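This briefing concerns the contacts between chains in the structure shown below. Please consult the sequence and the coordinates alongside the notes that follow.

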Amino acid sequence: MAKLPIQFRLNGSDRATFVDPASNLLDTLRRGLGDFGPKYGCGQGTCGVCTVLVDGEPQLACLTLAVSCEGRQIETASGMADGPHLHPLQDAFMDHFAAQCGFCTPGMLTAARALLAKNPQPSREEVVEAISGNICRCTGYEPIIAAILAAASGTSVRRA
Amino acid sequence: MLELRKDLFADERDDNLNVVGKGVQRQDMPGHVTARTRFFDDHAFDGMLHLKVVRSPHHHARIRAIDTSAAERAPGVKRVLRGADVPVNKNTLLSLINFGKDDEPSLAVSKVSYKGEPVVAILADSEAQALAARKLVRIDYDPLPAVFDVEETLKPGAPVVNETYPGNYFEYHERFDHQKLRFGDVERGFAGADIVMEHRYQMSPIEHAPTETNGSIAAPEQNGRYVVHSCAQGLFFALGTTAKIVDVESNMLHFIGGTVGGGFGGKVDSLTEPLAVLGAMLTGRPVRFVLDREEEMLYGSPRGAERIYVKDGLMRDGRIVARHIRSYFDAGAYTRLSSYAAIKCTAHVPGPYWIPNVASDIYVSYTNRCPSTAMRGFGVTAVDFALEVQMDRLAEAASMDPMEFRILNAYRDGDMKPHRRAAKNTALVECVQVAAEKANWPLSEQAKRASSLLGGGAGDRAQIPATQLDARGQIGRPDTRSGPVTQVLPAGTSRIAPSKQPVMEGARDGRAAPTQVPRYEPQRPAAPPPPAYQPAPPPYQPGGSYSPPPAYQPASPPPAPPPPAAPAQPQHGAVRFSSVFGTRRR
Amino acid sequence: MARHEGRGMASVNYPIGMNLGGDPSQALIHSNPDGKFTVALSAIDLGQGMKQVSRQIAAETLGVPVEDVYVDTADSDTGPHDMGSFASRGTHRMGNAIIVAAREARGVLLEAAAEELEVNAADLVTDGRGNIHVRGAPSRSITVKATAQAAQFKQGKTIAGRGIFLIPLSAVDAETGEMNPNTAFAHACLVADVAVDDETGEVEVLRMTSAYELGRVINPRMVEQQLVGGAWMGISHALYETPEPYYPNPEHGPRDFNEYLMPGPGDIAPYHVTVLERPAPDGPFGGKGPGEMCANPVLPAIANAVYNAVGVRVDELPITPEKILRAIRANGGVKPGPRRGGPVNWR
């Protein structure tokens, strides 16, 4: 099958590659462009570990055709930090020990980032709703919810 | 919310450490939040092949013929593997410690014993090509009757699931179809009890469901070696298993892992590493073998089901006087680790309670389902469910509060456990008291005054009772599953030499004088050791004013405890499971 | 329709490490010329925190700041043998191996410092902040960095250590089951408050209150991670999960996360844990290990709470709405048990 050229901005940089028409964005990011931030967890859009932002909207990269991203802005957890400065959500996840194995963390951070971009002061229920498509098998979710609420309120303080 | 109760057991602890006990940040957290943490699949290799396996659609079937010719000609396919391509196509995981017989192929050859069993492996340039070629493999099956129930499978005439164990049970000690625990006389205990109660409990299988599915990437490395990026929970366990199956020396393999996206026991089985390495050896290309979510869920080996019968003899005052447990582990089609779990379960019986008469019979049953494996709490989680629901029933039968009932029957320091070792360092009573207090669950003054340090080991509680033995359940003799008592072991009889109990710095067993501390200094040649190598071990000295509490520097060790009673049977010298169970791998 | 509240409890213990022993762990530690230490292992971090636990135990034993220790795991070319991360063995077994290795490295460190300070090594102490000084005389001191540099470039000493920890394998008696199983046991008691809907059969866990005795807590934040996450898994095991909902009938199983049910972030229950520390005589600084047992008491506590709420026993896990409704029907309706205690003493 002939490969198609594709260009988009990934975490602020112009990137270009060739993809199969059937390739999903997850494989393109990971295998094509070397961004291993989004993970494979199910390939069916049920676990959220591949969550990325496409033009600011949270999308499941495993269900997104790469060719549909032509010319768009893709943001992943790999690009959340501003150089050495962590995003407030990243700080809050650290403060709240909101990761154990860390496999769901990039998708979880991305889902939370999309929420706070639209709704800087979410309620607990809104946080729960925003991450309800992201499965975490380690933490029991409570520290993740607490971290997102702390990031939103700007109260994240290193407890350690 | 976590609260530390530093006041409890304070005299057994020195809370003066520098960094142990502090909630400092995890070393791996910066990597997790920046997505820089690298898991096994986060490695790029040029020219990587993708491996997919063809799985049995039948629970149990003979394989009449396998035709891979169309798959081999399919676009992108570089190699097709069958059982004959696997150098050592029969293994059991615990063969690495010489426990059990090899019983499981990497790729089935003449028969499949569970739905989802791998039969053929396909290596192709892309995942899509491997999946497409998978559909072209033709396997001619002759379905066989299947058995799914852990008790039905033990009956004479049941379909043989696993030819290595033709009775459909794991064989213990080359003698019995189950592992026994015998302590005292449970029948007499039941006969003398006010209330006898038996109930059946069951745990269904459970999937580990780590967010990262099982997988590995194997690639040729320089010098003819192979690098393997692995999600294994035991790096050398996976390396050893792979080396055996692909028949190479261990130093041909370079395993890299240690950072795993959740395991919970589901990444102990080396599900992918052997075939990935074999594929890399046969093609000279990097090979990625990753389970998709459906494979992980259906064939990634679950926590095994268990069926547990608990029978108790209870006095009206709330004392449990006898407990018998009969339990069946559902191993699925192959042993994996279930044989080990049954032993661990045996050691756990009867739960954290002192009961004068205890017996258990733990079976590992083979059924035509995906082999089960370890999961968080392996050998204990299901029996704890059974025991603690049973305890709730017993408390009600004795008209007692459940908390008070636990405290009454709780084991305490010095109590003899049914596996014939005294309990020490116990704290069940205190956990019950603290949980009751926080939950605002009222306890009697007597229950509040109870202590793990008090009342244990008194009188009979420290003794090994006279014990009824039997020869029930001999291998290949289902007719012997009931039978008379064959022997009464006199009270106090011990047959297994006690292990040397290591004691580490920084802890002591509160009630006694400071425990004698084997230093665990590195082995040194017999020549006089350089004295500077023996500085006072690290009692941390924050500033000059601090002086360490006595526990850290036991000035005068207590006299050595009297030597234990000599075992009735001498122990084998070899430290191997084969010496434990007498089942050597083939 | 009515919601019935109930309260149940369970108490458990848990063995730490492979049951019969025979499961060695090794560790190697060395310093670079600036006094920064690397711990080389083949232990596995599945999220439970193996790397950080190893780091804290190494730093404590060496007597250096935790930032000056890095744990490198797992590479079979550099990390020596370890059985693996399972059976709640990581902290206990590997922790002890690390102590042995760190003691040897500390011995050389102090010997090198003694040579520089021209004192007896036995008189030296570390301050945990990167300095070594004569006991009782803080002014007679040298930094760990200067010591390491002297050892490497002047004295020709390797500040390094090797450690192994092994509880010898126990035999098991065929007839009595006598054996030497684990030497360290952790303990727990957990209270679950639930509400059962007698029309839908659904169980909501309202809150849980527990006490865990875990030996020495190496890192309380990580203990909290394990216990909170494990309790969530306990709820999930008790009420939701199985790939064979009609076991032993193998049919009707879920194939993916749409069908395999687990509590989501909206289904979690407030949870309070109190941790007790009775150090294990053979544990690293008395540590045991909470990794596996944290789900165990939740299952029976919820089952017992359901019984207290509606008077039915569901003895087959998971406790699904279908099983509860069938049991209530078979039992001739809801039969609530006695109320136990009052509102919890937390939050």
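In this predicted model, the contact between chains A and B involves 31 residues of chain A and 24 residues of chain B. On the side of chain A that touches chain B, two elements give two or more residues, namely α2 (88–95) and α3 (105–118) of chain A. By class, this side of chain A comprises 19 nonpolar, ten polar and two charged residues.

**Helix α3 of chain A**

- α3(A) contains 14 residues and spans 20 Å from its first C-alpha to its last, close to the 20 Å expected at 1.5 Å a residue.
- The helix is mostly covered, with ten of its 14 residues buried.
- Among the buried residues of α3(A) are A:Thr105, A:Pro106, A:Met108, A:Leu109, A:Arg113 and A:Leu115.
- The cover over the buried residues of α3(A) includes β3 (51–54), β4 (57–60), α2, α4 (124–130) and α5 (142–153) of chain A, together with α1 (29–34) of chain B.

**Contact between chains B and C**

- Here 148 residues of chain C are in contact with 141 residues of chain B.
- Helix α2 (residues 90–117) of chain C gives the most to the side of chain C that touches chain B, contributing ten residues.
- That side of chain C has 73 nonpolar, 43 polar and 32 charged residues.

- Strand β9 (residues 195–203) of chain B and strand β12 (residues 316–317) of chain C run parallel and are joined by two bridges.
- B:Gln202 has C:Glu316, in β12(C), as its bridge partner.

Conventions. Residues numbered from 1 in each chain as written. Chains lettered and ligands numbered in written order. Predicted model: local features only at pLDDT ≥ 70, side-chain atom pairs only at ≥ 80, totals over all residues. Contact = placed C-beta atoms within 7 Å. Helix = DSSP H or I, 4+ residues; strand = E, 2+ residues; numbered from the N terminus. Nonpolar A, V, L, I, M, F, W, Y, C, P; charged D, E, K, R; others polar. Pairing = 2+ DSSP bridges. Expected span 1.5 Å × (residues − 1). Buried ≥ 20, exposed ≤ 12 C-beta atoms within 10 Å, placed from the backbone.
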